[in-house]
Amino acid sequence: MKKKNRVRKSQEFQKLIHGAKKKANGSFVLYYAPKKEEEARIGVSLSRKMGKAVDRNLYKRQIRMMCQELIDFRTYPNDCIIIARFGYKERSYLNNKNSLEKILLDAIIQ
């Protein structure tokens, strides 16, 4: 995922989390709001309880790769914050990708 498609600032994370709609499933919590720029942006967050920094960085890289494969950033209508839940660690990459795809599609429909 390109850097221009990422939410990086803490203020932007807080603005999206507190002023956005929310969807959840076993692996992810998704906060989403209509995009304000040409391309959609995605932020990924994990709890420190998910593991040490090496593990958390691995999970974030995996989630970013999933987003890159699933989303066309020019046509996707929302800016999103994705928070991984503890169930993420127990599931396989493909199961997590499928659940992320479902939650991202639900955000478009509603």
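This is a predicted model: local features need pLDDT of at least 70, side-chain atom pairs count only at pLDDT 80 or more; totals for chains, interfaces and linings use all residues.
Reader: How many salt bridges does a search of the whole structure find, and how should I read one?

Author: Side chains of opposite charge can pair when their charged atoms come close. The search finds 5 salt bridges in the whole structure. One of them joins the side chains of Lys 4 and Glu 39, at 3.4 Å from N to O. That pair links distant parts of the chain, 35 residues apart: Lys 4 is in the segment before H1, and Glu 39 is in the loop between S2 and strand S3 (42-45). Helices (H or I, at least four residues) and strands (E, at least two) are DSSP runs, numbered from the N terminus.

Reader: Is Glu 39 buried or exposed?

Author: Glu 39 counts as buried because its relative accessibility is 16%. Buried means under 20% relative accessible area, exposed over 50%, and partly exposed in between (1.4 Å probe, protein chains only).

Reader: Which residues form salt bridges with Arg 41?

Author: Glu 12 meets Arg 41 in a salt bridge of 3.4 Å, N to O. Here helix H1, which holds Glu 12, is linked to the loop between S2 and S3, where Arg 41 sits 29 residues away. Arg 41 also forms a salt bridge with Asp 79, with the closest N and O atoms 4.0 Å apart. Arg 41 and Asp 79 are both buried, whereas Glu 12 is partly exposed at 27%.

Reader: What is Val 7 in contact with?

Author: Contact means heavy atoms within 4.5 Å. Leaving aside neighbours within four places in sequence, the contacts of Val 7 include Glu 12, Phe 13, Arg 41 and Cys 80. Val 7 lies in the segment before helix H1 (10-18), and it is buried, at 4% relative accessible area. Val 7 and Arg 41 are 34 residues apart in sequence, yet 5.9 Å apart in space, C-alpha to C-alpha.

Reader: Now for a helix. Which residues of H4 are buried?

Author: Asn 96, Ser 99, Leu 100, Ile 103, Leu 104 and Ala 107 are the buried residues of H4. Seen down the helix axis, they fall within an arc of 135° (taken from the directions from the axis to the C-beta atoms), so they line one face of H4. Their cover includes strand S1 (21-24), strand S2 (28-34), helix H2 (53-70), strand S4 (78-84) and helix H3 (87-90).

Reader: What is on the other side of H4?

Author: Leu 94, Lys 102 and Ile 109 are exposed there. Leu 94, in helix H4 (residues 93-109), has 57% relative accessibility.

Methods:
Residues are numbered from 1 along each chain as its sequence is written. Side-chain values use heavy atoms; hydrogens and water are left out.
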